[in-house]
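Visitor: I am new here, and I would like a friendly tour of this protein. Could you show it to me and then take my questions?

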Amino acid sequence: MAKSASIFAPAQQPLSLALLVLPQCSILEVASTLDPLRAANRHLGTEAFRWRVVSPDGQAVPLTCGIELPSSGPLAMAEGADVLIVIAGYRQSEVATARLIRDLRRIAPRFAAIGGIDAGGWVLARAGLLDGRRATVHWEDLEDFAASHPQIDVVADRFVLAANRFTAGGAAPAADLMLHLIRTRHGPALALQVAASFLTTARDGAEPQIAPHAPDPRLDPRVAAAIARMEARLDSPETTAQTARALGLSARRLEQLFVAALGRSPATHALSLRLAAARRLITDTRHPLAEIALRTGFSSAATLSRAFRNSFGTPPSALRKRP
């Protein structure tokens, strides 16, 4: 297709895509990108979408679930496709080497559109391919992404279209993005058929990745509201009494509701949320432990280390020594 044409427009000609899959991404992200296109082809009875998988070294790609995804070759094999999609997950700063970033920057003008799924947005940003545009990454990384790339308009949307660039925050938003691609090229009826094939419905790209006002319907709404407050205040946690007061409850009543719903106290649940956030930052970033402590509501690195060891049986430093 013409390199100036939008891929998100009615079209009859087949669309070819190359997926650059980086090690340590999720198999669900790959499937969420490819399976809607496969289903669209099946419903249409023709090959409206074609794809190939490439990898940084041309070899099979090790995924987080432990299996390896076959590859057609290195990035150079992506040439000739209309679209390049970079799918990345953990350790993108390591697996997307300086050489790969240079090659990506060099090859970028040869595609009508380029996209990033999950940490794929980080890779595109490092190559300078998102400068001056709106973009998103997985919600856990939005703050760091915005701080690292002030030249990008970072938003918390599920997926973002920005001229001939697009980004999606993870596996489920990737499926929404592909349904949007199918809808714009082949109509809403086909998109509905594809969504029905997977027993799902498409969500709009502008929706937030995390919807704080859509609690789990199985939870007592008062417990759900308390959890939402805890999640929004990881860096400045409330006491149980403060949370209860904000919800118009007594501390005793909130304790009873949490034990009935979750089998634990509000304080225990709040601490588990903060420690889970700290664990992610320890394993997925290079931030100093003192900074992680402050971002997760602990007064010092030593306080975080004690709580971490009590909960997980190992100090935070042990996680950073793992490969």
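Guide: Let us begin with a term: buried means under 20% relative accessible area, exposed over 50%, and partly exposed in between (1.4 Å probe, protein chains only). This is a predicted model, where local features need pLDDT of at least 70 and side-chain atom pairs count only at pLDDT 80 or more, while totals for chains, interfaces and linings use all residues. Residues are numbered from 1 along each chain as its sequence is written, and side-chain values use heavy atoms, with hydrogens and water left out.

Visitor: Is Asp176 buried or exposed?
Guide: Asp176 forms a salt bridge with Arg158, their closest N and O atoms being 2.8 Å apart. A salt bridge here is a side-chain nitrogen of Lys or Arg within 4 Å of a carboxyl oxygen of Asp or Glu. Because its relative accessibility is 5%, Asp176 counts as buried.

Visitor: How many residues apart in sequence are the parts that Arg158 and Asp176 tie together?
Guide: Helices (H or I, at least four residues) and strands (E, at least two) are DSSP runs, numbered from the N terminus. Arg158 lies in the loop between β8 and β9 and Asp176 in helix α6, so the pair ties together parts separated in sequence by 18 residues.

Visitor: Which residue forms a salt bridge with Asp157?
Guide: Asp157 is buried, at 14% relative accessibility. The closest N and O atoms of the pair are 3.1 Å apart, and the partner is Arg134.

Visitor: Why are Arg38 and Asp35 separated by about one helical turn?
Guide: The side chains of Arg38 and Asp35 meet in a salt bridge (3.0 Å, N to O). Arg38 is partly exposed at 37%, and Asp35 is partly exposed at 29%. They are separated by about one turn because, within helix α1, they sit three residues apart.

Visitor: In which sense do β5 and β6 pair?
Guide: Two strands pair if DSSP finds at least two bridges between them. Val86 has Gly116 in β6 as its bridge partner. Over six bridges, strand β5 (residues 83-88) and β6 pair in a sense that is parallel.

Visitor: Which residue in β10 is the bridge partner of Leu161?
Guide: Strand β9 (residues 159-162) is joined to β10 by four bridges, and the two run antiparallel. From β10, Arg165 and Thr167 point one way while Phe166 and Ala168 point the other, and all are buried. The bridge partner of Leu161 is Phe166.

Visitor: What is the relative accessible area of His269?
Guide: His269 belongs to helix α11 (residues 266-284). Apart from neighbours within four places in sequence, His269 is in contact (heavy atoms within 4.5 Å) with Ile227, Met230, Phe258, Leu262 and Arg264. His269 is buried, and its relative accessible area is 13%.
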